[in-house]
Amino acid sequence: MAASMGHPEHALPSVPAPALAALPQTLGSSERFFVSLRAIAPTNLARVITIEGVLPAQRLAWALRQLQARHPLLRARIERTRFVHSRLEDSPALVLRSEARRDDLHWQRALPRLLDTPLRSPLELHYLIGEFGQRSELILVAEHALSDGVSMNSLCAELLALCAQQTPRPPRPLRPVLERMLPAFSQRQRARAFTGSLLRMARFALRRRSPRALSTAYLHAELSAESTTRLIERARKEDTTVTGALMAAVANGQRYALSLPVNLRPHLPELSAEDLANYTSATYLEAQPCPDFWANARTLKRALAEAVQPQNLLAATSLVYRTGTLFVRRQRPLARAMISNSGLVPFARDYGAFQPVAFHTGTSAPMLSADYAYFCNTLHGKLTINLIYAPQVVSRSQAERTLERVRATLEDSHV
């Protein structure tokens, strides 16, 4: 059932959005990439928040309206090569749908469909309501041209804060497109920094012969708090990180991609993680078989640190987005596996009548150009591993075996 969004709770204040009269803003290359991709593949990204306690749907509706008042892109529509922003009173309400939660796997069955269904508004919220304050799920789905992973994490935290009756924050100004916020690299620097990587990506893409990815499938695994703590402690002892360990667990001698939006933040001080703007970067690494797990984790960590240096990554950002559609249209994986590191979830510990207890991530499989995509997050000391794959490319049994191998490797404190 669809919830009404026209009447906020009387006890909750609101903040008016700034006046905008159908103000257009030209898309940047990253936004153009996702907008052009929508014609051949879904470009949705999602966040799933499991909560315990009581959260009325009416309060959620009010909180969504406050988010729309605060963030200009949530009042925008996409017209070919531009965003058109409008006043809050002229913008259609963000979609909120509520239904009774059937069981613990309800959200896992719903998520692939939501990732593959075109959105009717910039952001949709699906609320699976548990009985008598038991577990419920909030599934936020957004258009990738409007938001990246780090922004979605911050948006989730802001939504929960509003639901806990926190006073709405002031509206944010319009932000320029990504390229206008990057350091001024010359075209020669861009080409020199990225030409080699682009050629390797092209050779790899043309060599692969995989079925076309048409839809999304999903699997989930979770490490216990104790296993997560042991993994962190061992990674520090071995002079690597949990991301390095995850890469080593996934590695099988194939090339894979890492989506690293968090690494752009130090180089873009004027861009806040709270902004709804796409500033995701990606790099492609190739792992050779190595019998020493932790040696492989250290090597991959060093390679990643080198790949995300500004001269290797930021200089090439606009170049990769302007040429990437070639590979997407061919629907051949660029990578055997993709790992997304969207950073920590900025949730508070106490929201009063409800509490977040789990957090999950996903993106539509057809746009990923990878056989497997791992989305990893931590909440309250637990590492969750969310695996996205296309069933036309990878069978469910094969994906289940792959995820179990990765989980078991990470959970074994003696590897």
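Trainee: What percentage of the 415 residues in the protein chain do buried residues make up?

Mentor: Buried residues make up 55% of them. Please keep in mind that this is a predicted model.

Trainee: How many helices and strands are there in the chain?

Mentor: The protein chain has 11 helices and 14 strands. Of the contacts between residues at least 6 apart in sequence, 82% join residues at least 24 apart.

Trainee: Turning to the strands, in which order do the five strands of the open sheet lie?

Mentor: The order is S5-S6-S7-S2-S12, and the pairing is mixed. Strand S5 (95–100) and strand S12 (354–363) are the edge strands, each pairing on one side only. On average, neighbouring strands of this sheet are turned by 15 degrees against each other, with direction ignored.

Trainee: Which helix packs on that sheet?

Mentor: Helix H3 (residues 106–116) does, and it touches S2, S5, strand S6 (123–129), S7 and S12. The direction of H3 makes about 155 degrees with that of S2.

Trainee: And S2 with S7: do they run parallel or antiparallel, and how many bridges join them?

Mentor: Strand S2 (residues 44–53) and strand S7 (residues 136–143) run antiparallel and are joined by eight bridges. As an example, Leu 45 has Ala 142 in S7 as its bridge partner. In general, strands of a sheet pair through backbone hydrogen bonds.

Trainee: A change of topic, then: helix H6. What span should its 13 residues have?

Mentor: Helix H6 (residues 225–237) should span 18 Å at 1.5 Å a residue, and its end C-alpha atoms are 18 Å apart, which agrees.

Trainee: Which residues of H6 are buried?

Mentor: Ser 227, Thr 228, Leu 231 and Ala 235 are buried in H6. Seen down the axis of H6, the buried residues fall within an arc of 100 degrees, so they line one face of the helix.

Trainee: What is on the other side of H6?

Mentor: There, Glu 226, Arg 236 and Lys 237 are exposed. Just after H6 comes Asp 239, which takes a positive phi of about 60 degrees.

Trainee: One last topic, the cysteines. How many disulfides does the count come to?

Mentor: The count comes to zero disulfides, the rule being a pair of cysteine sulfur atoms within 2.5 Å. A disulfide is a covalent bond between the sulfur atoms of two cysteines.

Trainee: Is Cys 156 buried or exposed?

Mentor: Cys 156 is buried, because its relative accessible area is 0%, under the 20% cut-off.

Trainee: And what does Cys 290 count as?

Mentor: Cys 290 counts as partly exposed, because its relative accessibility is 35%, which lies between the 20% and 50% cut-offs.

Key
Residues are numbered from 1 along each chain as its sequence is written. This is a predicted model: local features need pLDDT of at least 70, side-chain atom pairs count only at pLDDT 80 or more; totals for chains, interfaces and linings use all residues. Side-chain values use heavy atoms; hydrogens and water are left out. Buried means under 20% relative accessible area, exposed over 50%, partly exposed in between (1.4 Å probe, protein chains only). Helices (H or I, at least four residues) and strands (E, at least two) are DSSP runs, numbered from the N terminus. The expected span of a helix is 1.5 Å times one less than its number of residues. The arc is that of the directions from the helix axis to the C-beta atoms. Two strands pair if DSSP finds at least two bridges between them. Axes are lines fitted to C-alpha atoms, for helices over the stretch in contact, and angles run from 0 to 180 degrees between N-to-C directions. Contact means heavy atoms within 4.5 Å.
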